[in-house]
Amino acid sequence: MNFSMAKVQTANASPTSRLQTQCASLGGLAATASIILAGLMVLETLGPWLVKPLVLPDLLLAAASLVAPATYAFGVWRVGRVLRAFAREGRFVSAAFEALRGVGLVLVLGAVFTIAVEPPLAILLGRSRGYFIGLNAADIALGLMGAMLWGFARLFRRAARLERELDGFI
């Protein structure tokens, strides 16, 4: 009977360590991908000025158009960081809280910037796109998803508190 208990404990320990190893690898991949993505965004947005004259209003508008994608790339980097934290600590609920909160916040910030800040900024720079507020369905959906993820994060934070409390009893 003692032998079978050791066998069960070994079987339970192996998937957890394999999961933690996979999360560490995936976290590193997410960090690398976010850095590459950020570089590609900068190159795509500012690259044309390598071959044509630089005009300050266009440059400022191009830089402003990088804000939302940069927040999304930061969200990918943040998830990678959370996955690596889970790989180190093995605490799922607190890692999930951090991931959901971080990604939710960057999705909301990116969407709000694209919808409410970028169009008026284009008008101020004399590069009007013909509208005062950007009612793009994709940006609105991303903002709403971010708000919902932030709400889920609050649930996971509560679960993390309960998990720590239960660990104190055991």
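Trainee: Hi! Which residues of α3 are buried?

Mentor: The buried ones are Ala68, Thr71, Ala73, Gly75, Arg78, Gly80, Val82, Leu83, Ala85, Phe86 and Ala87. Buried means under 20% relative accessible area, exposed means over 50%, and partly exposed is in between (1.4 Å probe, protein chains only).

Trainee: Thanks! What kind of model is this, and how are residues numbered?

Mentor: This is a predicted model, where local features need pLDDT of at least 70, side-chain atom pairs count only at pLDDT 80 or more, and totals for chains, interfaces and linings use all residues. Residues are numbered from 1 along each chain as its sequence is written, and side-chain values use heavy atoms, with hydrogens and water left out.

Trainee: Back to α3, then. What span does α3 reach?

Mentor: Helix α3 covers residues 67-89 and reaches 32 Å from its first C-alpha to its last, close to the 33 Å expected at 1.5 Å a residue. The expected span is 1.5 Å times one less than the number of residues. Helices here are DSSP runs (H or I, at least four residues), numbered from the N terminus.

Trainee: Which residue does Arg78 meet in a salt bridge?

Mentor: Arg78 pairs with Glu98, at 2.8 Å from N to O. Glu98 lies in helix α4 and Arg78 in helix α3, so this pair ties together parts that are 20 residues apart in sequence. A salt bridge is a side-chain nitrogen of Lys or Arg within 4 Å of a carboxyl oxygen of Asp or Glu.

Trainee: And is Arg78 buried or exposed?

Mentor: Arg78 counts as buried because its relative accessibility is 11%. Glu98, at 25%, is partly exposed.

Trainee: What other salt bridge does Glu98 make?

Mentor: Glu98 also meets Arg101, at 2.9 Å from N to O. Those two are three residues apart in helix α4, so about one helical turn separates them. Salt bridges with shared partners join Arg78, Glu98 and Arg101 into one network.

Trainee: Nice. How many salt bridges are there by this rule?

Mentor: The count comes to three. One of them links Asp58 with Arg127, with the closest N and O atoms 2.5 Å apart. That pair connects distant parts of the chain: Asp58 is in helix α2, while Arg127 is in the loop between α4 and α5, 69 residues apart.

Trainee: New topic: where is the kink in α4?

Mentor: A kink of about 40° lies at Val117, shortly before the proline Pro119. The bend is the angle between axes fitted to the seven residues ending at a residue and the seven starting there.
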